[in-house]
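Visitor: Hey, I've just opened this one and I'm new to it. Can you walk me through it?
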Amino acid sequence: MNTAFWYASRATGIVALLLLTAVLVLGILVNRQGRLPGLPRFAVTDLHRNLSLLSVAFIAVHVFTAVLDTYVHIPLVSAVIPFASGYERFWLALGAVSLDIMLAMIVTSLLRGRLNRILWRAVHLLAYASWPVAFAHSIGSAKDLQQGWLLLLAIGCAMIVVAAVIWRLAHAARQVPRAGRVAAVFAHHTASGTAGRSGRTVTR
């Protein structure tokens, strides 16, 4: 039996998980201005886009090599239509859902200029759900990810994502709420003006 397609499907699936993790973490860490410490905005945008495209390329190879593997029958349509495969029905359905979300994100990005901003933002917020769905698909459908160093690798990806989420939440908690920014600025100027008047009074 030729196992080349099986190994190729497993290898590209693991690399795709690593790339998706990097894309998600980068998206979480980026601030509202689209910047990261030490990197200009265009560099962050290019890095995020290139990692996203690279992950899609590896997912495509992962899907096609899984379909070409003759050990089990996996129809090509099961890559985008959940529950279309009789093999590992639930876990492959999760993979299809994750891929559908990613495709929706790509299509809306290409049509961003023609779409309502609220719709575009809603789709891109939904894209954050593609990672946990893809992670569950990887763990459930790949038995080699359930043990050994590959399991440690998967746990490492999950821990990195959790750490990024905690950092983002802590960073957001330190920010002054938008409604309170005006009051904070006004209070600062009031305090500065009071200090200035006190200084002039003492001088007299």
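Visitor: How far apart are Trp131 and Phe135 in helix α5?
Guide: Trp131 and Phe135 sit 4 residues apart in α5, which spans residues 130–141, so about one helical turn separates them. Keep in mind that this is a predicted model.

Visitor: Why does that spacing matter for which way they point?
Guide: An α-helix has 3.6 residues a turn, so residues three or four places apart point the same way.

Visitor: And are the rings of Trp131 and Phe135 stacked or edge-to-face?
Guide: The pair is stacked, because the planes are at 20° and anything under 30 degrees counts as stacked. The ring centres are 5.0 Å apart.

Visitor: Is Trp131 buried or exposed?
Guide: Trp131 counts as buried, at 9% relative accessibility.

Visitor: What does Phe135 touch, leaving out residues up to four places away in sequence?
Guide: Phe135 touches Leu17, Ala154 and Ala158.

Visitor: How many aromatic pairs are there in the structure?
Guide: There are 3. Another one of them is Trp6 with Tyr7, and that pair is edge-to-face because the planes are at 85°, with the centres 4.9 Å apart.

Visitor: What about the length of α5?
Guide: From its first C-alpha to its last, α5 reaches 16 Å, close to the 16 Å expected at 1.5 Å a residue.

Visitor: I noticed Ser141. Which helix is Ser141 in, and is Ser141 buried or exposed?
Guide: Ser141 is part of α5, and it counts as buried because its relative accessibility is 13%. A polar atom of its side chain lies 2.5 Å from the backbone oxygen of His137. Not counting residues up to four places away in sequence, Ser141 also touches Arg10 and Trp91.

Visitor: Let's switch to the nonpolar core. Which residues in the largest one touch the most other members?
Guide: That core has 22 residues, and the ones touching the most other members are Leu20, Leu24, Ile59, Trp131, Phe135, Leu145 and Val161.

Visitor: What's in the second core?
Guide: The second core is separate and has 6 residues, including Leu19, Val23, Leu26 and Val30.

Visitor: And α2, how far does α2 reach?
Guide: α2 has 28 residues and reaches 41 Å from its first C-alpha to its last, close to the 40 Å expected. Its buried residues include Val44, Leu51, Ile59 and Val63, and what covers the buried residues of α2 includes α1 and α3.

Visitor: Tell me about Val44. How buried is Val44?
Guide: Val44 has a relative accessible area of 4%, so it is buried. Val44 and Leu26 are 18 residues apart in sequence, and their C-alpha atoms are 8.4 Å apart in space.

Visitor: Zooming out, how many helices and strands are there?
Guide: The chain has 7 helices and 0 strands. Of its 204 residues, 32% count as buried.

Visitor: Where is confidence lowest, and where is it highest?
Guide: Confidence is lowest in helix α7 (residues 178–203), at a mean of 52, and highest in α5, at 91. The mean pLDDT of the chain is 80.

Visitor: How should I treat the low parts?
Guide: Where pLDDT is low, the predicted coordinates should not be read in detail.

How values were computed:
Residues numbered from 1 in each chain as written. Predicted model: local features only at pLDDT ≥ 70, side-chain atom pairs only at ≥ 80, totals over all residues. Heavy atoms only, no water. Phe/Tyr/Trp six-rings, centres within 6.5 Å; stacked < 30°, edge-to-face > 60°. Helix = DSSP H or I, 4+ residues; strand = E, 2+ residues; numbered from the N terminus. Buried < 20%, exposed > 50% of the residue type's maximum accessible area, 1.4 Å probe, protein only. Core = buried A, V, L, I, M, F, W, Y, C linked by side-chain atoms within 4.5 Å. Contact = heavy atoms within 4.5 Å. Expected span 1.5 Å × (residues − 1). pLDDT = per-residue confidence, 0-100. Polar contact = N/O pair within 3.5 Å; in protein donor to acceptor, adjacent residues only side chain to side chain.
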